[in-house]
Amino acid sequence: MKKKTFSSKIKLAQSSLLCAVVIIVSLLESLFDFAMHVPGIRLGLSNVVIASSIELLGFVPSICIVIIKAMFAGITRGVTAGMMSFLGGILSFVAMYVCIKSRYSPFGYLGVGIMGALCHNFGQFIGAFIIVGDAIIAYSPILFISALITGCITGISMGILNPRLLLALNKTKMQNIGA
């Protein structure tokens, strides 16, 4: 019983840490919105953290992180940004979860990054369609081409950062269990 309580405390600490990191990354990305000059297009580097969360913590803690990130976007950038973050985040999360948890995964981090970006932009497209109607259809090629580019950047970042992040978080877990 004591081990389970200790393990759940570690999982809560790791969830909290990844939640803080995803919010910081999201905040930093919003600073680059002005540099890109293209509405609705961001690098999506918070997907790197979400992918680590999926691998380390599983479904429930990871979806909670996605929801908290969307709430943060809503509080700091308005209701529309919160809705776009929620719709895109949920679809992206489901796609990345399926890709990562597939028994036979031909995707690799690059495929996970691209699927996450495509689904995130599709969720944003749905949100924009609800708000502005079919006028958004003309903008969809830009959204989906940018998703391929940003998904590649995110996937490459995942391949570099996730193994190190997972190793660091698991190493901390193992040190605490041995104590």
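Guide: A helix, as the term is used here, is a DSSP run of H or I that spans at least four residues, and helices are numbered from the N terminus. The model under discussion is predicted. T150, for example, has its place in helix α6.

Visitor: How many helices and how many strands does the protein have?

Guide: There are six helices and zero strands. Read from the N terminus, the order of elements is therefore α-α-α-α-α-α.

Visitor: How is burial to be read, and is T150 buried or exposed?

Guide: A residue is buried when its relative accessible area is under 20%, and exposed when that area is over 50%. T150 has 8%, so the residue is buried. Leaving aside residues up to four places away in sequence, T150 touches R42, L43 and A117. Across the protein, 40% of the 179 residues count as buried.

Visitor: Which residues of α2 are buried?

Guide: They are S46, N47, V48, V49, I50, A51, S52, S53, I54, L56 and L57. Helix α2 is thus mostly covered, with 11 of its 12 residues buried.

Visitor: What span should helix α2 have, and what is the distance between its end C-alpha atoms?

Guide: The expected span is 1.5 Å times one less than the number of residues. For the 12 residues of α2 (residues 46-57) this gives 16 Å, and the end C-alpha atoms are 16 Å apart, so the two values agree. Just after α2, G58 adopts a positive phi of about 95 degrees.

Visitor: How many aromatic pairs does a search of the whole structure find?

Guide: The search finds six aromatic pairs. One of them joins F59 and Y97, whose ring centres are 5.2 Å apart with 85 degrees between the planes. Planes over 60 degrees apart count as edge-to-face, so that class applies to this pair. F59 belongs to helix α3 (residues 59-77) and Y97 to helix α4 (residues 79-101), so the pair ties together parts 38 residues apart in sequence.

Visitor: Why is the pair of F125 and F144 tilted?

Guide: The planes of F125 and F144 stand at 55 degrees, with the ring centres 6.1 Å apart, so the pair is classed as tilted. The pair links distant parts of the chain, as F125 sits in helix α5 (residues 108-132) and F144 in helix α6 (residues 140-178), 19 residues apart. F125 is buried at 14% relative accessible area, whereas F144 is partly exposed at 25%. Together with F122 and F129, these two residues form one aromatic cluster.

Visitor: Which residues form a nonpolar patch on the surface?

Guide: The patch consists of L91, F122, I126, I130, I131 and V132, with about 520 Å² of accessible area together. Helix α5 supplies the largest share, five residues. I130 lies in α5 and is exposed, at 59% relative accessible area.

Key: Residues numbered from 1 in each chain as written. Predicted model: local features only at pLDDT ≥ 70, side-chain atom pairs only at ≥ 80, totals over all residues. Heavy atoms only, no water. Phe/Tyr/Trp six-rings, centres within 6.5 Å; stacked < 30°, edge-to-face > 60°. Helix = DSSP H or I, 4+ residues; strand = E, 2+ residues; numbered from the N terminus. Buried < 20%, exposed > 50% of the residue type's maximum accessible area, 1.4 Å probe, protein only. Contact = heavy atoms within 4.5 Å. Patch = residues over 30% accessible without salt bridge, like charges linked within 9 Å, V, L, I, M, F, W, Y side chains within 5 Å. Areas by Shrake-Rupley, 256 points an atom, 1.4 Å probe, with all protein chains shown as cover. Salt bridge = Lys/Arg side-chain N within 4 Å of Asp/Glu carboxyl O.
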